[in-house]
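Student: Could you take me through one part of this model in close detail, with the cut-offs behind each term?

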Amino acid sequence: MIGISRGLPGPRQSGYVLVEMLVSTAVMCAVLAVLLQLAVTGQHVLRTQSDAADLQQRLRVAVVAMQRDLQLAGAGPTQGAWRGRLVDLFAPVVPARTGARRGDAELSHFSDRISIVYVPDVPAQTSLTRTMASAGAPLGIDPVAAGCPAGGSCGFSPGDRALIFDPARVGGGHDLFTVEGVGAGQLLAPAGAISKAYPAGSPVVQVVQRIYYLDRAGNRLMVYDGESSDVPLVDHVVDLRVAYYADPSPNSVPSPPTGTSTCVFAAGDPPVPLLANLEGLAPKRLAPVHLTDGPVCGHAPNRFDGDLLRVTRIAVTIRLEAEAAELRGSGAAFVRSGTSRDGTLYVADQQVTFEVSPRNMRTVR
Amino acid sequence: MSIARRLGSGSGAALVELLVVSGLLVLMATGVAQVIVRTVPASFAARASTIAAVLTAQKIEQLRSLAWGFTVDGVPVSDVTTDLSTEAGNDGGSGLGPSPPGTLDSNAPPYVDYLDGMGRWAGNGGTPPAVAVYVRRWSVQPLAEDPDALVLQAIVTTARTTGRTSGSAVVQSRLQSLRTRTR
């Protein structure tokens with residue numbers, strides 16, 4: 001056999017070098033092709049699975065945060081003269097953005113935002129010792145009410161979010177405010193004017209206010225505390241929808257004593273319900289019109305639709321997308337199209353609907 | 001002739017060496033491929049578990065939202081008519097009425113509904129529709145010691161092959177809750 005090495009200097013080698021080279025090159029090419037294919041696939045898997053894991057993690061964060069606050073919605077004071085559920089007096093869940101900054105108009109409805117209020121398990125729960133002189137007057141609170149810690153301000157400190165409400169009847173009025181200062185004589189100074197002068201005995205409690213909403217321009221789920229903190233909770237959220245289910249009976253909201261009226265009952269013997277009868281026992285999904293057409297409860301600018309008092313379940317649908325545009329394709333699996341044209345290099349949008357029956361918003365019959 | 005001796009003699013042996021090296025590379029590649037092959041299903045399984053947990057909690061919350069209390073006059077109110085196997089939760093079901101035995105183990109209407117891969121309601125009845133990916137079953141049992149207290153249970157399973165009724169189902173999520181009458 002004639003080898004390439006024949007003309008080269010040095011000892012003659014007996015190798016079949018050309019054939020070997022051709023065969024080895026072919027084998028090597030085949031092996032490298034397989035390895036390269038594996039490398040490409042591995043890179044795609046690494047890229048997509050890490051983004052898929054991130055997508056799931058963001059989804060869990062959003063669901064857990066909202067679930068927790070929704071479960072607590074409507075929890076009221078646990079100490080002091082008035083103890084009970086907030087829903088017996090006003091709507092602790094509102095389909096709009098409330099708060100000191102950029103609040104929506106009262107009685108409005110937005111499917112992509114929800115405001116939640118509840119009283120946390122803190123000692124800052126007391127009541128007014130005297131009727132307010134005016135809506136802008138400081139609040140004189142009882143610093144030694146049952147459960148108040150020693151120190152003269154019942155645990156309130158500047159910056160706290162607080163709630164005051166009229167416990168006389170449903171829709172009697174409520175206000176959320178930030179404590180600007182705690183003065184001598186057990187006076188709480190609200191950061192802004194409140195809607196009315198509350199009578200002595202009105203509960204004043206520290207409160208948690210959470211507003212979840214979809215920032216459509218930035219595709220972010222935002223959480224706002226009603227005052228100054230308005231921050232993104234989860235990025236790359238492409239859809240958020242909130243639905244409300246209510247007890248169909250108009251008598252599911254506590255009725256007033258005979259001969260008296262509230263925003264959801266006209267005076268009568270027995271009192272006449274003003275809420276529509278939605279028929280049956282099963283919770284009924286409320287259309288947007290149900291949440292804006294009255295009866296109207298509360299005091300401006302914190303009025304709300306009376307149907308919110310009989311909400312027993314809230315359904316939240318949230319949809320997230322992959323962070324990288326190169327992992328988003330086009331079609332029904334994507335709300336926002338990306339640049340992926342490769343059938344193996346994409347992460348589809350993920351959507352879930354979770355429901356919560358707030359523990360403190362059960363109705364009566 | 002051994003490779004070492006051939007190397008020593010300078011007579012080549014490239015083909016044998018290459019085959020050995022190729023074999024090693026293929027072996028390594030097989031290992032990498034196995035990692036890839038196992039990673040993808042694990043990721044899908046994690047996604048399925050996440051959705052199943054949400055769906056299980058959803059059914060428990062639906063059950064918890066049904067009327068189970070007292071009127072202002074102290075008369076018990078029990079929703080035993082809502083059909084939670086329908087999408088809208090219509091009347092015509094059994095609500096919080098006690099479920100027969102075995103509703104967690106088989107598809108027993110109205111204690112079962114089916115959901116697609118996104119967790120959307122896809123149907124009810126004894127047989128899952130073709131688009132069903134998840135099967136959700138639940139039960140309602142009063143406590144022997146206190147009939148006013150209900151044990152609510154829900155599970156979400158998925159068939160090994162989407163849409164099939166046969167095959168061993170994998171329980172993805174299970175939740176229990178206690179519901180009591182409150183005044």
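Tutor: At 7% relative accessibility, Val347(A) counts as buried, where buried means under 20% relative accessible area, exposed over 50% and partly exposed in between, with a 1.4 Å probe and protein chains only. The model is a predicted one, in which local features need pLDDT of at least 70 and side-chain atom pairs count only at pLDDT 80 or more, while totals for chains, interfaces and linings use all residues. Side-chain values use heavy atoms, with hydrogens and water left out, and residues are numbered from 1 along each chain as its sequence is written.

Val347(A) belongs to the loop between S18 and S19 of chain A, strands being DSSP runs (E, at least two residues) and helices likewise (H or I, at least four), numbered from the N terminus. Not counting residues up to four places away in sequence, Val347(A) touches Thr48(A), Asp51(A), Ala52(A), Leu55(A), Ala322(A), Leu327(A) and Phe334(A), a contact being heavy atoms within 4.5 Å. Its C-alpha atom is separated by 6.1 Å from that of Arg328(A), 19 residues apart along the chain.

The open sheet has four strands in the order S15-S12-S18-S19 (chain A), with antiparallel pairing, two strands being paired if DSSP finds at least two bridges between them. Strands S15 (284–285) and S19 (350–356) of chain A stand at the edges with a single partner strand each, so one side of each is left without a neighbour in the sheet.

Conventions:
Chains lettered and ligands numbered in written order.
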